[in-house]
Amino acid sequence: MRLRSVCTLILACGLALESSAAPQQAAMGYLGSYIWRSEDPRMGGMSAIEVAPNGRDFTALSDRGGWTRGSFKRDAQGRITGLSAEKVRRLKGLENAPLKANRSDSEGLAIAADGTAFVSFEGAARVLRYDDLGGSATNLPTPAAFRALPRNSALEALAIDRNGALYTLPEDPPDAPRAIPVYRFKAGQWTQPFAIPREGTFLPVAADFGPDGKLYLLERQFRGILGFASRVRRFALRGNDIGPGETLLQTRPGEHDNLEGMAVWRDQGSIRLTLIADDNFNFFQTTEIVEFRIPD
């Protein structure tokens, strides 16, 4: 999500407080943070990330219609110490041309077991399918509910389950004050099987299915001069029902940057969360990658 200019100015002041924030408690399984720096002018605005089962290879998505692949370097404890990545390339539309600027607000990424990639968008709310991220796209059906979403609070999160069903949810639909609707694409059509209850002022920005088959939801809260706080909740799904959410972690305002993308994978018997921050292409923000280890 691109923040409004007034929020950007407030955040610029608030990030000065970040250095005084207490470090993440070990009880939460905090592993470490890494700042991704690049000379690539298209590098920035990272809104989604997918990490391969080996914990090294990744695909990252920008909110300006760009994507890249890379690999992490890790130390003996599994902490990220560096990375290498390809230059950011532009997503294509239905033909061979790049997406138009007013249709390129890519926010969510889900990659199926066979390598097929799906991308969700704000602005013109829709989901595109890519047999290859470097190739042309095909449109999934666009239900009326998508067209009614606000342009800057639409389809932020996208996830795919082990059976190939897609799940997406908007960031902040104005007609859903108590719960966020979740849309599922299965057997060629979209349905809305359930909703996720809102808790406080956190808003959903990313989702992923973990190796345990549960749905993980990354939520963000903007606290003005204090910066951003993040929360991760986990849900068990049973057909068209969703269980009560389990809060796995919640960071303090300003503890990390604008965490907006999440990948969930298994690392030597435990589940690991890899989170990536959207720097909004601002010089005073960073593309921070943060990792946590959590219990099953």
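By class, the second largest cavity is lined by 7 nonpolar residues, 2 charged residues and no polar ones. In this sorting, Ala, Val, Leu, Ile, Met, Phe, Trp, Tyr, Cys and Pro are nonpolar, Asp, Glu, Lys and Arg are charged, and the others, Gly among them, are polar. The lining consists of Leu169, Ile180, Ile196, Pro197, Phe202, Pro204, Leu217, Glu219 and Arg233.

Residues are numbered from 1 along each chain as its sequence is written, and side-chain values use heavy atoms, with hydrogens and water left out. The pLDDT is the predictor's confidence in each residue, from 0 to 100. Its mean over the protein chain is 90, and 91% of the residues reach 70 or more. Residues 2-27 stay under 50, and the model gives them 46 contacts beyond four places in sequence. Where pLDDT is low, the predicted coordinates should not be read in detail.

**The spaces**

Cavities and pockets are found on a 1 Å grid over the protein atoms alone: in a cavity a 1.4 Å probe fits but cannot get out, while a pocket is an open set of points with protein on both sides within 12 Å along at least five of seven lines, and lining residues have an atom within 4 Å of a point. Grid points are joined across faces, edges and corners, and a volume is the space filled by probe spheres set on the points. Strands are DSSP runs (E, at least two residues), numbered from the N terminus.

The structure holds 2 cavities of 30 Å³ or more.

| Space | Volume |
|---|---|
| Largest pocket | about 1,000 Å³ |
| Largest cavity | about 50 Å³ |
| Second largest cavity | about 30 Å³ |

The largest cavity has 14 lining residues, and Ala48, Leu109, Ala206, Ala207 and Met262 are the closest to its centre. Its lining divides into 7 nonpolar, 3 polar and 4 charged residues. Strand β2 gives the most, with 4 residues; β2 (46-51), β7 (106-111), β11 (155-160), β15 (203-209) and β21 each supply at least two.

The largest pocket is lined by 44 residues, of which Ile111, Ala113, Ile160, Asp161 and Arg162 are the closest to its centre. These lining residues divide into 24 nonpolar, 8 polar and 12 charged. The largest share, 4 residues, comes from strand β21 (residues 259-267).

**Two residues**

Arg162 sits in the loop between β11 and β12 (166-170). With a relative accessible area of 66%, Arg162 is exposed, where exposed means over 50%, buried under 20% and partly exposed in between (1.4 Å probe, protein chains only). Beyond four places in sequence, Arg162 is in contact with Gly210, Pro211, Asp212 and Gly213, contact being heavy atoms within 4.5 Å. A polar atom of the Arg162 side chain lies 3.3 Å from the backbone oxygen of Pro211.

Ser120, in strand β8 (residues 117-121), is buried, with a relative accessible area of 0%. A polar atom of the Ser120 side chain lies 3.1 Å from the backbone oxygen of Leu155. Beyond four places in sequence, the contacts of Ser120 include Asp105, Arg126, Leu155 and Thr168.

Key: Predicted model: local features only at pLDDT ≥ 70, side-chain atom pairs only at ≥ 80, totals over all residues. Polar contact = N/O pair within 3.5 Å; in protein donor to acceptor, adjacent residues only side chain to side chain.
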